[in-house]
Amino acid sequence: MNQSTITRCVAALLLGGAVLATGAQAVAPAEILAGYSAQAGAPPSPARGQQLFNTRHGGEWSCASCHGAAPTQAGKHASTGKAIGALAPAFNAERFTDLARTDKWFRRNCNDVMGRECTYAEKADVLSWLLALKP
Amino acid sequence: MSETSVFRAEAPANAAGTRKVLVWDAPVRVFHWLLVACFAGAYITAESERWRLVHVTLGYTMGGLVAFRVLWGLAGTRYARFSNFVRGPAAVARYLRSIVRGEPEHHTGHNPAGALAILALLGLAVAITASGWATFNDVGGKWLEEFHEVAANLMLAVVGAHIAGAVVSSWLHRENLIGAMIDGRKQVRPEEGVRSAWRTVAALMLVVVLGFWWMQWQAAPAGGAASDRPVAAAKAKNHDRGHD
């Protein structure tokens, strides 16, 4: 394999990554919430969301174990100890602005906390609570 | 596959004057199987925060292994060296054509198509380790996280092709390539073998890898994979708030 072939492969990989990364357009957290609520077929409940967030569902962790009971400030990863940026959108403009990313992290974190994926209703509840948190 | 090609494929193994000799030195084999373990383990633990430190540790190990392999590709034994197996596209095309014809070229070391997979795997492993390190340490942006995942899935695809290639060429050449990556031996002319297995280097690799894992275990905030301390802390916090 000559050098130009290697260069081309690397360039293709980088380009592919860049296209994938920029392919997702930014949306407002409220739009993501509206989507989840529509899928759930019921209006979200911030109180239920807060409850879900702070409860350990028969496992070792709650969402708050890493994000903190008040996700208006940085949390601390429960196994790596790394700082995690605030989750509430009013305190961290990057949060919940990319549907694919939001779905991915709900999938991962719900599996860690509840041992299953969250339903649309549960995701809508949690997001509605996070959006209700204001400075 | 025709009768003739079966005969030809078997010819090297049956040729007079061949015997089982060492082709893959010990560092090559230990590298290979440690890389398998690291990539598989990191892939399986990718989704869970509970296993995040294991994932990261296996990823860094993979990076270290590849760094070693690059050096060994310059200084190792005959078939471990890049100069022995890195070939241009023309050689790859010629090899693939020889397979299609049913008269596969025999290579004692890596064949040109296999070499291509190896270079892709090494390159991807470097890209995955670097982007994983950057993501874990909040250097760079979200795009690096995407890149990390895309590259890891690409590597899984190349692993699939590599395994398929090893199985197919084992069958075409009537030689057990998977077994050869375990005991290092192939049925070839004695003068084609390598003299030393470099077992000391392989043992040193194992010591360094196990030592690194032990250090990571010690440095983990909760004293390892178990998350007792953070959970206890969370428990206490919940208790303070009268939440339990």
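## Helices H2 and H6 of chain A

H2(A) and H6(A) cross in a left-handed manner; a crossing is left-handed if the near helix is turned anticlockwise from the far one by less than a right angle, and right-handed if clockwise. This is a predicted model, in which local features need pLDDT of at least 70 and side-chain atom pairs count only at pLDDT 80 or more, while totals for chains, interfaces and linings use all residues. Residues are numbered from 1 along each chain as its sequence is written, and chains are lettered from A and ligands numbered from 1 in the order in which they are written.

Helix H2 covers residues 29–40 of chain A and helix H6 residues 120–132 of chain A; their axes come within 8 Å and cross at roughly 150°. Axes here are lines fitted to C-alpha atoms, for helices over the stretch in contact, with angles from 0 to 180 degrees between N-to-C directions. Helices are DSSP runs (H or I, at least four residues), numbered from the N terminus. H2(A) and H6(A) are therefore roughly antiparallel to each other, the term for angles over 145 degrees.

On the H2(A) side, the contact includes Leu33(A), Tyr36(A) and Ala40(A), and on the H6(A) side Tyr120(A), Ala124(A) and Leu127(A) are among the residues involved. Two residues are in contact if their C-beta atoms, placed from the backbone, lie within 7 Å. The contact residues divide into 11 nonpolar, three polar and one charged; Ala, Val, Leu, Ile, Met, Phe, Trp, Tyr, Cys and Pro count as nonpolar, Asp, Glu, Lys and Arg as charged, and the others, Gly among them, as polar.

Let's look at two residues, one from each helix. Ala40(A) lies in H2 and is partly exposed, because it has 16 C-beta neighbours inside 10 Å. Asp125(A), in H6, is buried, with 28 other C-beta atoms within 10 Å. The cut-offs are 20 or more for buried, 12 or fewer for exposed, and partly exposed in between. Beyond four places in sequence, Ala40(A) is in contact with Tyr120(A), Ala121(A) and Ala124(A), whereas Asp125(A) touches Pro44(A), Ser45(A), Arg48(A), Gly49(A) and Leu52(A).

| Pair | Apart in sequence | C-alpha to C-alpha |
|---|---|---|
| Ala40(A) and Ala124(A) | 84 residues | 7.8 Å |
| Asp125(A) and Ser37(A) | 88 residues | 8.5 Å |

As for confidence, the predictor gives the complex an ipTM of 0.82 and a pTM of 0.84. Chain B has a mean pLDDT (the predictor's confidence in each residue, from 0 to 100) of 87. Its residues 1–13 have pLDDT below 50, and pLDDT stays under 50 over residues 223–244 of chain B. Where pLDDT is low, the predicted coordinates should not be read in detail.

Conventions. Angles under 35 degrees count as roughly parallel, over 145 as roughly antiparallel, 65 to 115 as roughly perpendicular and the rest as oblique.
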